[in-house]
Amino acid sequence: MIEALTDILLRSNPSESIIFDSSLFWLLLVVFLPIYGILYRRRSAMALFTVAFGCYLYYKTSGAAVLLLLGRAAVDYVLSKMLERQQSRTLRRFTLIFSLLLSIGALAYFKYAGFATTIFNDLTGSNFQMSSLMVPIGISFYTFRSISYMVEVYRRTLAVPKNPVDYLFYLSFFPALVAGPIVRPEAFFMQIRSTCRVGEQEIYSGLWIVMRGAFKKFVVADYLAQFNDVVFANPVGYDGVECLLAAFGYGVQIYFDFSGYSDMAIGLSRSMGFDLGENFHAPYKSRNLSDFWRRWHISLSSWLRDYIYIPLGGNRKGTTRMTVNVLVTMLVGGIWHGAGWTFLIWGCAHGIGLILNKLVGKWMPKSRRSKLNGLVYGMITFLFVNMLWILFRSPDLEIAQLMMENICLHANFGILPVFWHERALWCVMLVFAYILIFMPNAVVQKAEQLFVRANWIVKFVLFCLLVQCILALKGTQVVPFIYTQF
């Protein structure tokens, strides 16, 4: 019965994204934004209209899976009202646990049932079969938003909104629905009823961030993906140097792909009068692994810290307990990204790296610590993170092993001139991407300020140049956002 319901709910292809449908893009530009601008000061009408538009977009990308989202919102709101009214600690705890089981259970069923079945069969020798499930787009992101909302209501640090539309607005806010950021409820609810007004500064700043994100994703990330994908599909057919370049290329690709989406979501939200915060802060400039996770996917990293690591005890209960807490937190982070051994090992490796980083920082004298946290330590962190992207990208452990073996045992650097001759533009794009990655933050901020102050002709010309770059460098196949699958 459950599988039959799943088939009914999930008929559309979740790899498709609204950004690729030109009709929906023009619908957003020509229909949504003008009406939104008219309704912006009428907050209740604005919220209802945005919810309806967001649900329509979600329906177009995920079919009837929108019912799962609406159902989650309805159940969450009812249970949160019960939590707010209840005085019994036992009943409140039971209500919270029930809510968490519903949220985590739905996520586990759609994302991990197939993987769990495979493990069960391997351990027991059974041949239990389960039909493959199509994962609803964004389910991991809105599930984590749901959990944070229920936990904060349970802690009595967040009041349940009087209007249920406000909660649905928070859960289904379409710029962040597909791939985040994971917005915290307390900050978002304050903005829903805020009397602040959107001015030219916010609109043009948001437009710049959207354009920056589109450049990252559709120009840089998608072009680099054309070579990265063929290498990861068949690493045996490529030299170790080509595998190494594909690994570094994927490190750029995933950063520009995901931060590009985050930029577009944050920029569109800013133009709409909502601040989603910062989701990436130059992560490849990190001096150590702890610093990397404070800069990479900030909304997820802070969520894991606040709702898993700290409740488990953090670093307050000794070194052994801290070690366990870090490993558990990073394993959850790995599993959150996908069901498979590659994600589990990737999360575990980052956990071990964080533990070593904490121990070295704790035991090393301060006089030596500052030297190691400089350029050399930053390079080690950069290499560690990028080599682990091989696990993250590989479809299975066999491909990951082949990639690593090629890089370590079969690298012939003599082919670099030939590679340059065959893929000069790809090499130029990779170098250009690294220039952007390590560009000083002051330059990035100055570029945004100049764009905001420029006249409309300059803005229009830059927009046209962006569109031309996208059209000139696009591949034969549309590359979906990497994080929509999570």
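This is a predicted model: local features need pLDDT of at least 70, side-chain atom pairs count only at pLDDT 80 or more; totals for chains, interfaces and linings use all residues.
Residues are numbered from 1 along each chain as its sequence is written, and side-chain values use heavy atoms, with hydrogens and water left out.

**Overall make-up**

The protein chain has 21 helices and 0 strands. Both are DSSP runs numbered from the N terminus: helices are H or I with at least four residues, strands are E with at least two. Of the 486 residues in the protein chain, 50% are buried. Buried means under 20% relative accessible area, exposed means over 50%, and partly exposed is in between, with a 1.4 Å probe and protein chains only. Among contacts (heavy atoms within 4.5 Å) with a separation of 6 or more, 78% join residues 24 or more positions apart.

Helix H9 covers residues 200-233, which is 34 residues. From its first C-alpha to its last, H9 reaches 46 Å, close to the 50 Å expected at 1.5 Å a residue. The expected span is 1.5 Å times one less than the number of residues.

**The nonpolar core**

A nonpolar core is a set of buried Ala, Val, Leu, Ile, Met, Phe, Trp, Tyr and Cys residues joined through side-chain atoms within 4.5 Å. The largest one has 131 residues, and Tyr149 and Trp389 touch the most other members. Helix H10 (residues 240-271) gives the most to this core, with 17 residues. Leaving out residues up to four places away in sequence, Trp389 touches Tyr250, Gly251, Ile254, Tyr284, Phe292, Trp296 and Trp346.

**Aromatic pairs**

Rings of Phe, Tyr and Trp (its six-membered ring) pair if their centres lie within 6.5 Å; planes under 30 degrees apart count as stacked, over 60 as edge-to-face and the rest as tilted. By this rule there are 52 aromatic pairs. The table gives two of them.

| Pair | Centre distance | Plane angle | Type |
|---|---|---|---|
| Tyr284 and Phe382 | 5.5 Å | 80° | edge-to-face |
| Trp389 and Phe392 | 5.2 Å | 85° | edge-to-face |

Tyr284 lies in the loop between H10 and helix H11 (289-295) and Phe382 in helix H16 (residues 375-393), so their pair ties together parts that are 98 residues apart in sequence. Tyr284 and Phe382 are both buried.

Trp389 and Phe392 are 3 residues apart in helix H16, so about one helical turn separates them. Trp389 counts as buried at 1% relative accessibility, and Phe392 counts as buried at 4%.

**A lysine over two rings**

A charge sits over a ring if NZ of Lys or CZ of Arg is within 6 Å of the ring centre and within 35 degrees of the ring normal. The charged end of Lys459 sits over the ring of Tyr204, 4.3 Å from its centre. Lys459 also lies over the face of Phe451, at 5.5 Å from the ring centre.

**Positive phi in two loops**

Most residues other than glycine have a negative phi. Arg156 has a positive phi, near 60°. Arg156 is placed in the loop between helix H6 (139-154) and helix H7 (164-172), and at 43% relative accessibility Arg156 counts as partly exposed. Ala282 has a positive phi near 45° and is found in the loop between H10 and H11. Ala282 is buried, with a relative accessible area of 12%.
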